[in-house]
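Colleague: Could you take me through how to read a few local features here, giving the general idea before the case at hand?

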Amino acid sequence: MLLAFDTALFGLLNGRARSAALDVVLPLFSDAWLLWVGAVLFLGGYAWYCRRNYGEALWRVIVLVMLLGLSVGVADMSCNVIKDEVGRYRPFQTVAGTHFFTPDRQWTVVDEPSYAPGSIGGSFPSSHAATSMAVALVVSLLFRRSNPWIFTLPLFVGWSRIYVGKHFPVDVVGGWCVGMLSVLVVWWGCHLLFIRFFNRRNT
């Protein structure tokens, strides 16, 4: 039942709900290099804006960078481990008629899906969705004025991964969950370390 709904929703988002404008815009949210450059510039500018206009302490900006690095790293590694265990093929490898954005940045419609994964990697969960959710959640936890619009980032990244034929909707939702859990684990782990550090200094 879930897989049938997953496939049907993929067919809607990848096949029927398309436009010439989305063909140009959404692949940008799947471009890892462009996404990371944009994220770094945005977060740096946003941290400066919060510090200048709302008096955010410098240590919060430093903590933001540290937690972002740790959370994104944990999310990405967790996705790779789960992908190896699950071994789900990607839509363009299994679903005929998938609109696929190729590595050389060309759109094509897959008539005969190939099951050979090669260097493409597994489909579940989406690493892009996980890392973008981790970024959004860390920013929202440290800079509360960013809520809730910061979460449009993982929304658009997840949508783009379906639109370019790389992931099913369930892969994206799974990635979001991994991203959230990764932030909670990192947050909890850092909290315990700080508590132990300060307790030792006070004894």
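Colleague: Which side-chain oxygen reaches the backbone nitrogen of Ala 129 at the start of α6?

Modeller: Helices (H or I, at least four residues) and strands (E, at least two) are DSSP runs, numbered from the N terminus. At the start of α6, the oxygen belongs to Ser 126, whose side chain comes to within 3.1 Å of that backbone nitrogen of Ala 129. This is a predicted model, in which local features need pLDDT of at least 70 and side-chain atom pairs count only at pLDDT 80 or more, while totals for chains, interfaces and linings use all residues. Residues are numbered from 1 along each chain as its sequence is written, and side-chain values use heavy atoms, with hydrogens and water left out.

Colleague: What span does α6 reach from its first C-alpha to its last?

Modeller: The expected span of a helix is 1.5 Å times one less than its number of residues. Helix α6, residues 127-142, has 16 residues and reaches 23 Å, close to the expected 22 Å.

Colleague: How many residues of α6 are buried?

Modeller: Buried means under 20% relative accessible area, exposed over 50%, and partly exposed in between, with a 1.4 Å probe and protein chains only. In α6, 14 of the 16 residues are buried, so by this definition the helix is mostly covered, whereas buried residues make up 38% of the 203 residues in the protein.

Colleague: Where does Arg 90 lie, and which side chain of opposite charge is nearest to Arg 90?

Modeller: Lys and Arg count as positive and Asp and Glu as negative, with His and the chain ends not counted; a salt bridge is a side-chain nitrogen of Lys or Arg within 4 Å of a carboxyl oxygen of Asp or Glu. Arg 90 lies in the loop between α4 (58-86) and α5 (91-94), and although buried, Arg 90 has no salt bridge, the nearest side chain of opposite charge being Asp 171 at 6.7 Å.

Colleague: Which side chain makes a polar contact with the side chain of Arg 90?

Modeller: A polar contact is a pair of N or O atoms within 3.5 Å; within protein, one must be able to donate a hydrogen and the other to accept it, and residues adjacent in sequence count only if both atoms are side-chain atoms. The side chain of His 167 makes such a contact with that of Arg 90, at 3.1 Å, and the backbone oxygen of Gly 122 lies 3.0 Å from a polar side-chain atom of Arg 90.

Colleague: Why does Asp 171 count as buried?

Modeller: Asp 171, which lies in helix α8 (residues 169-202), counts as buried because its relative accessibility is 0%. Its side chain makes a polar contact with the side chain of Ser 123 at 2.4 Å.
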